[in-house]
Amino acid sequence: MFMSISTTGTAESPASDLGFLLHKHPGKVQRFSTSHGEAHVFYPEAGDELCTAALLLDIDPIALVRKGRGKGRGGSPDFALAQYVNDRPYAASSLLAVALRTVFRTAMKGVCEARPGLAELPRPLRISLPAVPANGAGESGGPAMAARLFEPLGWQVQASAIPLDEAFPEWGESRYVRLELAGTEVRLADALQQLYVLLPVLDGAKHYWVAPDEVDKLLAAGAGWLADHPEQALIARRYLSRRWALTRRAMERLELARLAEADDREVEEIDNAVDDSADESADDSVNTVDAAAGGTVGAAEAGDGRAEHPEPAAERKASLADQRRAAILAALGEVGAARVADLGCGQGELIGALLKDARFTEVLGVDVSARALSAAARKLRLERMSERQAARVRLVQGALTYTDARLKGFDAAVLCEVIEHLDLPRLPALEHAVFGAARPSAVVVTTPNAEYNVRWESLPAGHVRHADHRFEWDRVQFREWAERVAATYGYTAVIRPVGPEDAEVGAPTQLALFRIGGPPDAAPQPAPAPAVPATAVPAPTDTTTTPEGGETR
């Protein structure tokens, strides 16, 4: 297998700097042992104006067969005869990608200690691969496949099919292409990372066992470019040898990374709806206040599953979470909703209740947390559902602070214990995405009543019920918000208590039922969220949690 990398330069920025970037001296021929054979690095030319580095991988087919025996899919990638007659010594397949990682590991990291800053500078690059398998395997292969993969990354692609036999043109074209990639301003580290991923994708197969850690390798090498690639799904599927469980995991993590980048947050900040230490098999009916219900918040501010304060002893017979779900179901029944979107669905407790009611013919669960969606799928036992039942429910990953065409057309949307997980400056974006863009016929919103907090004996004064709550409103503040949103987006709003109502401080949870009215006179413009008194929004350092209970919706 052969590949060459060329660059041009000037006296101020000589092309021979390629040697520093690759960490391989242009004046030497170097040999490296890989898991599949011997790799040789040499420079056919090395000057100030033009420098070319070549990688030659000499495969040991016998050793490869011996290593593959007894390893399931890694034993014989094509068919039995492949152990003796195959294209591995000639075509740049996934084995060359392994050699790239072995030989140019430091270069792929973008590190050059000898010349600090050099690795960050883009430069003109030309990459030549005389023979690359471009197997369609049910998808459009050949030169078209190469263009689909590399052109979106800014490469100029020259790909020509190699005939089966030049002496017999009537035999047609082989599945191999001659590939030339040219880029005017490319970081060498980026080019190597892209080749590491896309060579196996072009091949359509890996000549070794694909373990779960391949997902981590894909995401690490695809950082900065894969999340925005138009062929992201095809790349993940083919790189992971069509192992659907791994592909689904990779796609979820890519979407999470995209959402985190869009909100300028760390992935861990928005994928915290599931507590790693929590027992995911715990009984859903556990009696907890659970005022943050559901953990996530498809709006990129998620509950982290940490415990909230238990209900007062007098109320332990009826879970507040159960009462909340019952109130939501009653409101949905009142408006005659059949198609419902649970926005910020967390681990799917409300979805489970909706699926038990035949009135709801379609349920969409949306959450930003991939872990929460996976937990919801397990709790709902989606894989074991009958075909008819499974057709009623769909779980998708998304952030509620961005408009999403998938949310349109529903009879009702539910925001169950979601809004309090958002920073107040982000709340208008959620309002526009849900009430302005998705615009369901009805919206049900529940949120804690801050006045009721004094009834929790274990909750210190001035503290919120859950560590991830960014605010908690009293009844006046919630009513003012609901009325403003309704007026802005053409809805009417009715406020109702949920849970045992106290004569002085009201009920522990407050619910707003929005029904669509006539369209607003003007295009809705998100208004600033109402100011919240400092006493209602304690500083993060004032927030405490207790070990009792857990978040459930």
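Me: What makes histidine 23 partly exposed rather than buried or exposed?
Reply: This is a predicted model, and in it histidine 23 has a relative accessible area of 35%. Buried means under 20% and exposed means over 50%, so a value in between counts as partly exposed. The residue is found in the loop between helix H1 (18-22) and strand S2 (30-34).

Me: And what is noted about the phi of histidine 23?
Reply: That phi is near 60 degrees, a positive value in a residue other than glycine.

Me: What makes threonine 447 buried, and what is it in contact with?
Reply: Its relative accessible area is 1%. Threonine 447 sits in strand S12 (residues 442-448). Sequence neighbours within four places aside, its contacts are Glu417, Ile419, Glu420, Phe478, Thr509 and Gln510.

Me: How far apart are isoleucine 328 and leucine 513 in sequence and in space?
Reply: They are 185 residues apart in sequence and 9.0 Å apart in space, C-alpha to C-alpha. For the chain as a whole, take the contacts between residues at least 6 apart in sequence: 75% of them join residues at least 24 apart.

Me: Which residues have the most contacts inside the largest nonpolar core?
Reply: Phe150 and Val197, in a core of 67 residues. Helix H6 (residues 188-203) gives the most to this core, with 10 residues. Beyond its neighbours within four places, phenylalanine 150 is in contact with Trp155, Val157, Leu179, Leu181, Leu195, Leu198 and Leu202. A second, separate core has 31 residues, including Leu343, Leu364, Leu430 and Phe471. As background, in soluble globular proteins nonpolar side chains tend to be buried together.

Me: How do H6 and H7 cross, and which residues meet there?
Reply: The axes of H6 and helix H7 (residues 213-221) come within 9 Å and cross at roughly 140 degrees. The crossing is left-handed. On the H6 side, Gln193, Tyr196 and Val197 meet Lys217, Leu218 and Ala221 of H7. By class, that contact has 4 nonpolar, 1 polar and 1 charged residues.

Me: How many disulfides are there, and are cysteine 51 and cysteine 112 buried or exposed?
Reply: A search of the whole structure finds 0 disulfides. To count, a pair of cysteine sulfur atoms has to be within 2.5 Å. Cysteine 51 is buried at 0% relative accessibility, and cysteine 112 is buried too, at 8%.

Me: What about the chain overall: how many helices and strands are there, and what share of residues counts as buried?
Reply: The chain has 16 helices and 14 strands. Of its 553 residues, 51% count as buried.

Technical notes. Residues are numbered from 1 along each chain as its sequence is written. This is a predicted model: local features need pLDDT of at least 70, side-chain atom pairs count only at pLDDT 80 or more; totals for chains, interfaces and linings use all residues. Side-chain values use heavy atoms; hydrogens and water are left out. A nonpolar core is a set of buried Ala, Val, Leu, Ile, Met, Phe, Trp, Tyr and Cys residues joined through side-chain atoms within 4.5 Å. Buried means under 20% relative accessible area, exposed over 50%, partly exposed in between (1.4 Å probe, protein chains only). Helices (H or I, at least four residues) and strands (E, at least two) are DSSP runs, numbered from the N terminus. Contact means heavy atoms within 4.5 Å. Axes are lines fitted to C-alpha atoms, for helices over the stretch in contact, and angles run from 0 to 180 degrees between N-to-C directions. A crossing is left-handed if the near helix is turned anticlockwise from the far one by less than a right angle, and right-handed if clockwise. Ala, Val, Leu, Ile, Met, Phe, Trp, Tyr, Cys and Pro count as nonpolar, Asp, Glu, Lys and Arg as charged, and the others, Gly among them, as polar.
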